Structure formats: structure tokens, C-alpha cells
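Please keep the sequence and the model open while you read.

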Amino acid sequence: MRQFHDTFSTPLGDFSVAVNATGAVIATAFGGLAELRGRVDADELARDPKRVAAIRTEVTEYFAGERHDFTLELAPSGTAFQRQVWDALVKIPLGETRTYGQLAAQLGNPNASRAVGRANATNPICLIVPCHRVIGADGSLTGFAFGEDIKRRLLDHETSMAGAPAPALSS
């Protein structure tokens, strides 16, 4: 199936987006096309800025502090459990964090924190599906594919947008 992409600048560097033929987001990545290709299963990935224009607009609004929630159609590829975890991620309010254990308990299995962590790590739609809002039980910034610095900057940005006190994080 043919899929489409574009890369654009954000305050945190290049951000790439891939969409399917209907325009639903299938993958995103900080760092450009090479990073994106590692997150999408595509035989053909054609550059088409028009197909990702709405996504670019929402991401730009987010970084400008004008958008708290994304309204994009999402079509990540994953198991039923992964999709359940990713659905829970989009429900974490802007400016807040959750631990892997809290998400596991929310999903009805408090002993599944490691499975939640694995699902979080395989989230193909970073930023829009906010896996960066998940932290370690001790408050540490654990497990973000694009590095601790970007994760911290995203959390700081969201905290300032929400007008909430900064979460207690340890490195």
C-alpha cells in the first residue's frame, strides 16, 4: 500500500510524519526521514506535503502553545494490547504524567507495568500519542526513543502550556 510523508522543522528539530492513503497518521519521528522509515512498515513512502498539511498545522500550533489536544485520525499498526496502551496514552492530560504502573493499573492489570513499558516503547506515533508523558515510578525520565533531552523539553513545554507546576522528575 502506498504511504506518504513529509518532514518539517519544530523547536525540537526535524519532525517527520507518515500517513496512509486516507490521510490517517501511521507514524511520526523526531530526526527526519531516516528515523521515520524505521517506524513505518512501508513498501513505498512518497513525499507529499499536501497530504500531511493538517498534521503540520496541528504540530505547529502545539509548539506555539495554541493546541492542547490533537484531533488527527490515527492508524497505528500494533497488537490489540499495544493499541489499548496507546489509547490510554492519548487520555493523559496535557501537563500531567503517569508511571508505567499507573497505566497498567488503569488498564486493569497492575502487574503488567513491563508490558505497558514495551507497548509504550513501540508507539509509532510519538508526540501525538504522548508516550513522553510516561515516567518511571521514581520520577525518572525513562524510555523515550528520541532521548531524554527531547522528552524533558516536551514535558516542560506542556507544563507551561497547562499552567501546572512542573512534575517532579529525576534524571
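1. How far is the sulfur of C126 from the closest cysteine sulfur? The gap is 6.2 Å, to the sulfur of C131, and that is too far for a bond. A disulfide is a covalent bond between the sulfur atoms of two cysteines. The test used here asks for a pair of cysteine sulfur atoms within 2.5 Å. The structure holds zero disulfides. C131, too, is in no disulfide.

2. A word on the source. This is a predicted model, in which local features need pLDDT of at least 70 and side-chain atom pairs count only at pLDDT 80 or more, while totals for chains, interfaces and linings use all residues. Residues are numbered from 1 along each chain as its sequence is written, and side-chain values use heavy atoms, with hydrogens and water left out.

3. The cut-offs: buried means under 20% relative accessible area, exposed means over 50%, and partly exposed is in between (1.4 Å probe, protein chains only).

4. C131 also turns up among the contacts of L89. Contact means heavy atoms within 4.5 Å. Leaving aside neighbours within four places in sequence, L89 is in contact with L103, N120, N123, V129, P130, C131 and V134. L89 lies in helix α3, residues 80-89. Helices (H or I, at least four residues) and strands (E, at least two) are DSSP runs, numbered from the N terminus. L89 counts as buried, at 0% relative accessibility. L89 and N111 are 22 residues apart in sequence, and their C-alpha atoms are 18 Å apart in space.

5. Now helix α2. Which of its residues are buried? They are I55, E58, V59, Y62 and F63. Seen down the axis of α2, these buried residues fall within an arc of 135 degrees, so they line one face of the helix. The arc is that of the directions from the helix axis to the C-beta atoms. The cover over them includes strands β1 (2-10), β2 (13-19) and β3 (25-30), and helix α6 (148-162). After α2 comes G65, whose phi is positive, near 80 degrees.

6. Look at E58. Its place is in α2, which spans residues 53-63. E58 is buried, with a relative accessible area of 8%. Not counting residues up to four places away in sequence, E58 touches R67, D69, F70, T71 and L72.

7. I55 sits on the list of buried α2 residues too. Leaving aside neighbours within four places in sequence, I55 is in contact with V17, V19, G23, V25, L72 and I128.

8. The strands come next. Two strands pair if DSSP finds at least two bridges between them. β1 and β2 pair in the antiparallel sense over seven bridges. They form a hairpin with two residues between them. G13 in β2 is the bridge partner of T10. Five bridges join β2 to β3, and these two run antiparallel. V25 in β3 is the bridge partner of V19. This hairpin has five residues between its strands, and G23 in the turn has a positive phi of about 95 degrees. β2 is mostly covered, with five of its seven residues buried.

9. Which residues touch the most other members of the largest nonpolar core? Of its 47 residues, they are F30, I55, V59, L127 and L154. β3 gives the most to this core, with five residues. A nonpolar core is a set of buried Ala, Val, Leu, Ile, Met, Phe, Trp, Tyr and Cys residues joined through side-chain atoms within 4.5 Å.

10. Last, the rings. A search of the whole structure finds six aromatic pairs. One of them is F30 with F146, edge-to-face, at 5.8 Å centre to centre and 70 degrees between the planes. This pair links distant parts of the chain: F30 is in β3, F146 is in the loop between β6 (134-135) and α6, and they are 116 residues apart. F30 is buried at 3% relative accessibility, and F146 is buried at 14%. Y62 and F70 form a tilted pair, at 5.5 Å and 35 degrees. Both Y62 and F70 are buried. F8, F15, F30, F144 and F146 form one aromatic cluster. Rings of Phe, Tyr and Trp (its six-membered ring) pair if their centres lie within 6.5 Å; planes under 30 degrees apart count as stacked, over 60 as edge-to-face and the rest as tilted.
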